[in-house]
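Hi,

Here is the structure I said I'd pass on.

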Amino acid sequence: MDLLLVCGELYAPESRGVVEIFVAGGVIQSISPVPAHGVSPVRALVESLRGRVIDVVPPHFIAPGLVDQHVHVTGGGGEKGPASRVPEAQIEEIVEGGVTTVVGVLGTDCVSRSLENLLFKTRALQTPRHPSG
């Protein structure tokens with residue numbers, strides 16, 4: 001089982017202080033304040049089991065994934081012909097800004113894009129990618 005401990009200032013949406021977020025098996029198990037002195041039992045456990053510990057230091061912080069309610073995942077433009085088309089959204093571009101959930105919209109170009117294409121693109125975005133391919 002993968003173990004992860006992320007320590008840093010948490011905003012959700014207001015500041016919740018400096019916390020430890022313990023993740024096991026891809027699921028958040030606990031969120032607790034970082035102790036003022038010494039090592040927490042959770043950190044000691046993660047380190048003893050050779051889990052990963054990430055210390056987030058200012059000016060960086062921890063925040064929940066963002067939701068973008070209007071994303072042209074199959075691309076945009078096209079109303080002025082093929083030269084005005086914008087490429088499809090790539091997962092790396094989406095998550096770079098902290099977005100973890102998108103609502104895919106089609107737009108006005110229903111000639112070169114379709115609802116079926118939008119459905120398949122959004123399904124492809126939610127399929128886990130493995131480093132090997």
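**What turned up**

Eight residues make up the largest nonpolar core: Val71, Val73, Ala89, Ile94, Val99, Leu106, Leu118 and Leu125. By core I mean buried Ala, Val, Leu, Ile, Met, Phe, Trp, Tyr and Cys residues joined through side-chain atoms within 4.5 Å; buried is under 20% relative accessible area, exposed over 50%, and partly exposed in between (1.4 Å probe, protein chains only). Apart from that core lies another, of seven residues, including Val6, Leu10, Ile21 and Val56.

Before you go further: this is a predicted model, where local features need pLDDT of at least 70 and side-chain atom pairs count only at pLDDT 80 or more, while totals for chains, interfaces and linings use all residues. Residues are numbered from 1 along each chain as its sequence is written, and side-chain values use heavy atoms, leaving out hydrogens and water.

Tyr11 is in strand β1 (residues 3-11) and Phe61 in the loop between β4 (52-55) and β5 (66-71), so the pair ties together parts 50 residues apart in sequence. Strands here are DSSP runs of E, at least two residues, numbered from the N terminus. Tyr11 counts as partly exposed, at 30% relative accessibility.

Gly26, in the loop between β2 (15-24) and β3 (27-33), counts as exposed at 71% relative accessibility.

Cheers

Methods: Helices (H or I, at least four residues) and strands (E, at least two) are DSSP runs, numbered from the N terminus.
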